[in-house]
Amino acid sequence: MAYLDVSPMLISLRTTPEEFEIKEGWLRHIPSRHDFRFDPEGNVRMRAQCNCTELAVRAEQSQELSTAYGQWESHYWRPLLINREFASHFRRSPLRQLLVDITGWLHRRLREQPERRAHSGEVTALHPAE
């Protein structure tokens, strides 16, 4: 029986981890649009729009691929998601940003007011002489 050689994918997981994502529980290789799902025993199931699915993955390579997937998920994917979540805590919503901008503008305008009155000769407050 002929088997599918998944060694190119193993190399890709290690060298170009950014080409993969997890979507709806499947590991997706974005450029090829091949999807992979691993069961608890390390067996791999594959979806693709080409003939790649006609060949089974050899058990040894399936286990190796499952291990590489676990390493990719813990060393690349999970930290990426955590960093995205962390960054989202510091993003402002458009409404909040608008309110911050208006408050800043109002603050600057109010601080400029005494300077404008002083330049126009208008008395703004009486200060005791020193």
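## Pro79 and its contacts

Pro79 touches Glu73 and Ser74, leaving aside residues up to four places away in sequence; contact here means heavy atoms within 4.5 Å. Pro79 sits in helix 2. Buried means under 20% relative accessible area, exposed means over 50%, and partly exposed lies in between (1.4 Å probe, protein chains only).

## About the model

This is a predicted model, in which local features need pLDDT of at least 70 and side-chain atom pairs count only at pLDDT 80 or more, while totals for chains, interfaces and linings use all residues. Residues are numbered from 1 along each chain as its sequence is written, and side-chain values use heavy atoms, with hydrogens and water left out.

## The chain as a whole

The protein chain has three helices and six strands. Both kinds of element are DSSP runs, numbered from the N terminus: helices are H or I with at least four residues, and strands are E with at least two. Along the sequence, the pattern reads β-α-β-β-β-β-β-α-α.

The protein chain has 130 residues, of which 22% count as buried. Take the contacts in the chain with a separation of 6 or more: residues 24 or more positions apart account for 41% of them.

Four strands form an open sheet in the order 2-3-4-5, with antiparallel pairing. Strands pair if DSSP finds at least two bridges between them. Strand 2 (20-23) and strand 5 (44-47) stand at the edges; each has a single partner strand, so one side of each has no neighbour in the sheet. From one strand to the next, the twist averages 30°.

Helix 2 (residues 59-88) lies across strand 2, strand 3, strand 4 and strand 5. The helix runs at about 90° to strand 2. Axes are lines fitted to C-alpha atoms, for helices over the stretch in contact, and angles between N-to-C directions run from 0 to 180 degrees.

Strand 2 and strand 3 (residues 26-29) run antiparallel and are joined by four bridges. Phe20 stands opposite His29. Glu21 has Arg28 as its bridge partner, and Lys23 has Trp26.

His29 has His34 in strand 4 as its bridge partner. Four residues lie between the strands of this hairpin, where Arg33 takes a positive phi near 60°.

## The largest pocket

How much volume does the largest pocket have? The volume is about 180 Å³. On a 1 Å grid over the protein atoms alone, a pocket is an open set of points where a 1.4 Å probe fits, with protein on both sides within 12 Å along at least five of seven lines; lining residues have an atom within 4 Å of a point. Grid points are joined across faces, edges and corners, and the volume is the space filled by probe spheres set on the points.

The lining has 13 residues; Pro8, Met9, Ser32, His34 and Phe36 are the closest to the pocket's centre. Helix 1 (7-15) and strand 4 (34-38) are the elements that each give two or more residues to the lining. Helix 1 gives the largest share, three residues. By type, the lining divides into eight nonpolar, four polar and one charged. Ala, Val, Leu, Ile, Met, Phe, Trp, Tyr, Cys and Pro count as nonpolar, Asp, Glu, Lys and Arg as charged, and the others, Gly among them, as polar.
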